[in-house]
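Subject: Structure for your files

Hello,

Here is the structure we talked about. Please keep it at hand while you read the notes below it.

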Amino acid sequence: MTRGYITCGVPYVLFGLAKGLLGDFTKGDPLPGRSGKNAEVPYNWTVHTPKSGVEIASFNCLECHAGRFNGELVVGLGEADLDFTDVPMGALVDNLPILDIFPGGVIGEINKFVERYKAVGPKIKMLTVGTNPADMLAVALAAHHNSDTLAWSDDPLLFPPEIMAPVDTPPWWRVHKKHGVFYNGMNRGDHRGR
């Protein structure tokens, strides 16, 4: 959990401010065994440097795939009580300061984060606590990526139907034993289904 796989996030120089605007999404202890700045952020965040060269903090897989049991954090346990009914990224996006005093590239990372959120934010709002928008997030992201180059487009390139398909995040130890996961049987033989 020290390498980033999400290519946009909050510039690390602003993460202290962002924590106050992200509510429960940043209320977690650091994950034991991590070092450097990753030892200072909640377990569900990773500090890394994408191609822009600007150090960012972004969600990692433990956002949904770590939960508490008897007060103890269990990596791989599906987080069953996340509240996506009021996704707090809107508060963050509306309050991130856009100032010219930040070092080069920070404004670009802020703008990238804001544009990504505007594209996917409305798609990941759930009706009940405990339901997870992972599949809807995947569809929203796919709609904004060129299918040949994977380049991002601020305007959607596909127009999937407007449906809400929440999922219940299964624990990792149960997923590897299944032929396919979720209600659609996906992940047969790919990296997520093994």
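This is a predicted model: local features need pLDDT of at least 70, side-chain atom pairs count only at pLDDT 80 or more; totals for chains, interfaces and linings use all residues.

Residues are numbered from 1 along each chain as its sequence is written, and side-chain values use heavy atoms, with hydrogens and water left out.

Salt bridges

There are 2 salt bridges in the structure (a side-chain nitrogen of Lys or Arg within 4 Å of a carboxyl oxygen of Asp or Glu). One joins Arg-68 to Asp-29, at 3.9 Å from N to O. Arg-68 sits in strand 4 (residues 66-69) and Asp-29 in the loop between helix 1 (15-21) and strand 2 (45-48), so this pair links parts of the chain 39 residues apart. Helices (H or I, at least four residues) and strands (E, at least two) are DSSP runs, numbered from the N terminus.

Glu-55 pairs with Lys-37, with 2.6 Å between the closest N and O atoms. Because Glu-55 is in the loop between strand 2 and strand 3 (56-59) and Lys-37 in the loop between helix 1 and strand 2, the pair ties together parts 18 residues apart in sequence.

Relative accessibility is 43% for Arg-68, 29% for Glu-55 and 35% for Lys-37. Each of these values counts as partly exposed (buried is under 20% relative accessible area, exposed over 50%, partly exposed in between; 1.4 Å probe, protein chains only).

Helix 4

In helix 4 (residues 134-143), the buried residues include Asp-135, Met-136, Ala-140 and Ala-143. Down the helix axis, the buried residues of helix 4 fall within an arc of 135°, so they line one face (the arc is that of the directions from the helix axis to the C-beta atoms). Helix 3 (106-120) is among what covers them.

Regards

How values were computed: Contact means heavy atoms within 4.5 Å.
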